[in-house]
Amino acid sequence: MDFTLDPRHDELRLKVREFVDEHIIPLESDPANYNEFENIRMSLRDELRQKAKAVGLWAPQISKARGGLGLPMVGQAVFYEEANRSIFGPSAFNCAAPDDGNMRTLEMVGTEAQKDAWLQPIVDGKVNSSFVMTEPHPGGGSDPGMIATRADRDGDSWRIRGHKWFISGAAVARHFILMARTDPNPEEKRRHLTAFLFHADQPGWRIVRRIENMGPDEHGGVCELEFDGLTIPDENRLMEVGDGLKLTQIRLGPARLTHCMRWLGLAKRCMEIAQEYVSRREGFGIRLADRESVQLKLGEVAHDIQIGRLLVMNAAWKLDQGDRARTEVSSAKIHVADTLQKAVDTALQLNGARGYSKDTILEWVYRYARCARLVDGASEVHKMVLARSYAIEGSDYWKWG
């Protein structure tokens, strides 16, 4: 096994790190740079985006032909980790969720006409997007087989009726990817879904509410949506009728992994804040950094970050080989979500009251990190994936590649 980083990716890593340190991290300390939902103001974000574009640090996951960097998943892992050393970083480089996963999916499965109309404006930073899948009970959450929102054919169009919630980014999105049931048989759970594209200005749907939560919120928050006759032309259908589950697999695997890439960056930043503080803070005649108990805490987190990085790189490499890497992504998702929470909790504890205050970003990350074990499938679901995989008779745990 060769763990050597491609020199081009390492050069890009250093370039992203320099940009984050110089242009983005300094913005975190000024409350005027935040919107009411504790994210970077959109106007300021757009200024950063222009700077990022100017130095060639834009849309790492998208092909060069569409205006991105065209990085493989392994290269993206390097980029995303450095980008999310700042809480504002991914949005500045146009690699934040949910746009990141939506762009990747549209480029993979969209027709050329769909890419021009629906993908390119997101790549260019002109619009935000949203992925509309999760539903309240008895609809589908982690189990897409339960999705109840209906799409009924009406000539050359589809009529959408149903109820969705916790839809990320919906309050500011203009372009939406919607998952709906096109097979009315409730027992059909393989070919029952189809994906559609719709625009925010189309009638027949509404945002019921922006759901208040622990925060901080991404741009557009998480919203509850209602569909009461939204009409979508068949030309705005993604893939074939009944291919919706296939599309979710195409989207969600890499999207889960890019979450992990970003979370590693946040975990690393938490440790940077902790190490800077304990290196100068003294108590009872000794620096905190010289206490063995502090060294053990920091060492444990450093250990977990490195494990997380190896899990992410392994999954990224398998995706680059054309493998679905389902179990590898699930392993990374479980471990890195836990690592982020452990990293910020440790950093907050070592910073004492300072960590609990808004003098650093630790309390922001602390609230954000709790969602990591829920987003894109709860950790328990991913553990079920692993259990089923390794329980298969004849499976070879040590089979690599």
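Residues are numbered from 1 along each chain as its sequence is written, and side-chain values use heavy atoms, with hydrogens and water left out. Because the model is predicted, local features need pLDDT of at least 70 and side-chain atom pairs count only at pLDDT 80 or more, whereas totals for chains, interfaces and linings use all residues.

**Helix packing**

Helices here are DSSP runs (H or I, at least four residues) numbered from the N terminus. Axes are lines fitted to C-alpha atoms over the stretch in contact, with angles from 0 to 180 degrees between N-to-C directions.

| Helix pair | Axes come within | Crossing angle |
|---|---|---|
| Helix 1 (residues 7-24) and helix 3 | 8 Å | roughly 15° |
| Helix 3 (residues 73-83) and helix 7 (residues 244-278) | 7 Å | roughly 35° |
| Helix 7 and helix 8 (residues 292-320) | 10 Å | roughly 160° |

The angle in the table makes helix 1 roughly parallel to helix 3 (angles under 35 degrees count as roughly parallel, over 145 as roughly antiparallel), and helix 1 passes helix 3 in a right-handed crossing (the near helix is turned clockwise from the far one by less than a right angle). In this contact, defined by heavy atoms within 4.5 Å, His9, Leu12, Arg13, Val16, Arg17 and Val20 of helix 1 meet Gly75, Val78, Phe79, Glu82 and Ala83 of helix 3.

Helix 3 also packs on helix 7, again with a right-handed crossing, and the residues that helix 3 brings to this contact include Met73, Tyr80 and Glu82. By class, the contact of helix 3 with helix 7 has 7 nonpolar, 3 polar and 4 charged residues (Ala, Val, Leu, Ile, Met, Phe, Trp, Tyr, Cys and Pro count as nonpolar, Asp, Glu, Lys and Arg as charged, and the others, Gly among them, as polar).

Helix 7 is roughly antiparallel to helix 8, which helix 7 passes in a left-handed crossing (anticlockwise in place of clockwise).

**Cysteines**

With a disulfide taken as a pair of cysteine sulfur atoms within 2.5 Å, the count comes to 0 disulfides. The sulfur of cysteine 95 lies 14 Å from the closest cysteine sulfur, in cysteine 260, which is too far for a bond. Cysteine 260 is likewise in no disulfide, the nearest cysteine sulfur, that of cysteine 371, being 13 Å away. Cysteine 95 counts as buried at 0% relative accessibility (buried means under 20% relative accessible area, with a 1.4 Å probe and protein chains only), and cysteine 260 counts as buried at 0% relative accessibility.

Key. Helices (H or I, at least four residues) and strands (E, at least two) are DSSP runs, numbered from the N terminus. Angles under 35 degrees count as roughly parallel, over 145 as roughly antiparallel, 65 to 115 as roughly perpendicular and the rest as oblique. Buried means under 20% relative accessible area, exposed over 50%, partly exposed in between (1.4 Å probe, protein chains only).
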